Amino acid sequence: MELPKVNLDFLRAVPLQQKLALLGIIVAGIGLGFYYYVAVPKSDEITRLDGAVAKLDAEIQTTGLKVKHLTELVAANKQLEEALKRKKAQLPPEEEAALLLKQLTDLGVRLGLDIKLWKPGSSSLDPSKLFVRMPVSVEVAGGYHTAALFFDRVNKLQRIINVSNLVMGSPRIEQDRVVIQTVFDLTAFASPPAPVTPTTATGK
């Protein structure tokens, strides 16, 4: 099927200025059509894509910050766990802590201290449930250097023993030696008791 032929002979009679004006109108129409049907939609699409890219960049940066903070938190938590593990290694069971306190009385006697009072208090579980406090009220009499040596030995123990509320009285002469009455509290720290697993009774 042949396409119909278009007769353009009438254009020969049209003045040159009109031809130029007509050509300008056609070019302008093509330009407007390209702008409204191609350029504008593409511009809107580019703007939309730019916004999406900016949003993704912001999300990537936020995620990167979260990952960085998470890594730092994991490292800090690991350090805390290791420190807690070392502290727990210094916490004996209550029976061992009680024996350690008894050994401290023997140590004081061997060093030359006169044990006037050794009064264990009530053991108590710390609110954190990480350790048990085992306090003892102590009163000793002896030379200043002997008491200082006793406290030094306590300080060098691998187990955790705290000395608090230390009060030294006025020195006095007993049997040609200077004696000082010293009152203080010893607190041993023990590991908490293992949690009791409830047993479920089964009926037949």
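## Contacts, helix packing and salt bridges

Leaving aside residues up to four places away in sequence, Gly169 touches Ile180 and Gln181, where contact means heavy atoms within 4.5 Å. This is a predicted model, so local features need pLDDT of at least 70 and side-chain atom pairs count only at pLDDT 80 or more, while totals for chains, interfaces and linings use all residues. Residues are numbered from 1 along each chain as its sequence is written, and side-chain values use heavy atoms, with hydrogens and water left out.

**The chain as a whole**

- The protein chain has three helices and six strands; helices (H or I, at least four residues) and strands (E, at least two) are DSSP runs, numbered from the N terminus.
- Going along the sequence, you'll read the pattern α-α-β-β-β-α-β-β-β.
- Of the 204 residues in the protein chain, 17% are buried (buried is under 20% relative accessible area, exposed is over 50%, and partly exposed is in between, with a 1.4 Å probe and protein chains only).
- The accessible surface of the protein chain is about 16000 Å², and 62% of that belongs to carbon and sulfur atoms (Shrake-Rupley method, 1.4 Å probe; for residues, only the protein chains shown count as cover).
- Take the contacts in the protein chain between residues at least 6 apart in sequence: 66% of them join residues at least 24 apart.

**Helix 2 against helix 3**

- Helix 2 (residues 94–111) packs with helix 3 (residues 144–155) at an angle of about 145 degrees, the axes being 10 Å apart (axes are lines fitted to C-alpha atoms, for helices over the stretch in contact, and angles run from 0 to 180 degrees between N-to-C directions).
- From helix 2, the residues in this contact are Leu104, Leu107, Gly108 and Leu111, and they meet Thr146, Leu149, Phe150, Arg153 and Val154 in helix 3.
- By type, the residues of the contact of helix 2 with helix 3 are six nonpolar, two polar and one charged (Ala, Val, Leu, Ile, Met, Phe, Trp, Tyr, Cys and Pro count as nonpolar, Asp, Glu, Lys and Arg as charged, and the others, Gly among them, as polar).

- Lys119 sits in strand 1 (residues 114–120) and counts as exposed because its relative accessibility is 54%.
- Not counting residues up to four places away in sequence, Lys119 touches Pro135, Val136 and Ser137.
- Gly169 belongs to the loop between strand 4 (161–168) and strand 5 (172–174), and its 34% relative accessibility is why Gly169 counts as partly exposed.
- Gly169 and Gln181 are 12 residues apart along the chain, and their C-alpha atoms are separated by 5.1 Å.

**Salt bridges**

- The count is four salt bridges, each a side-chain nitrogen of Lys or Arg within 4 Å of a carboxyl oxygen of Asp or Glu.
- One of them joins Lys102 and Asp106 at 3.2 Å, N to O; both residues lie in helix 2, four residues apart, about one turn of the helix.
- Lys102 is partly exposed at 47% relative accessible area, and Asp106 is partly exposed at 32% relative accessibility.
- Asp126 pairs with Arg133 in a salt bridge, their closest N and O atoms being 2.7 Å apart; Asp126 is buried at 11% relative accessible area, whereas Arg133 is partly exposed at 32% relative accessibility.
- Asp152 and Lys156 form a salt bridge too, with the closest N and O atoms 3.3 Å apart; Asp152 is partly exposed at 31% relative accessibility, while Lys156 is exposed at 61% relative accessible area.
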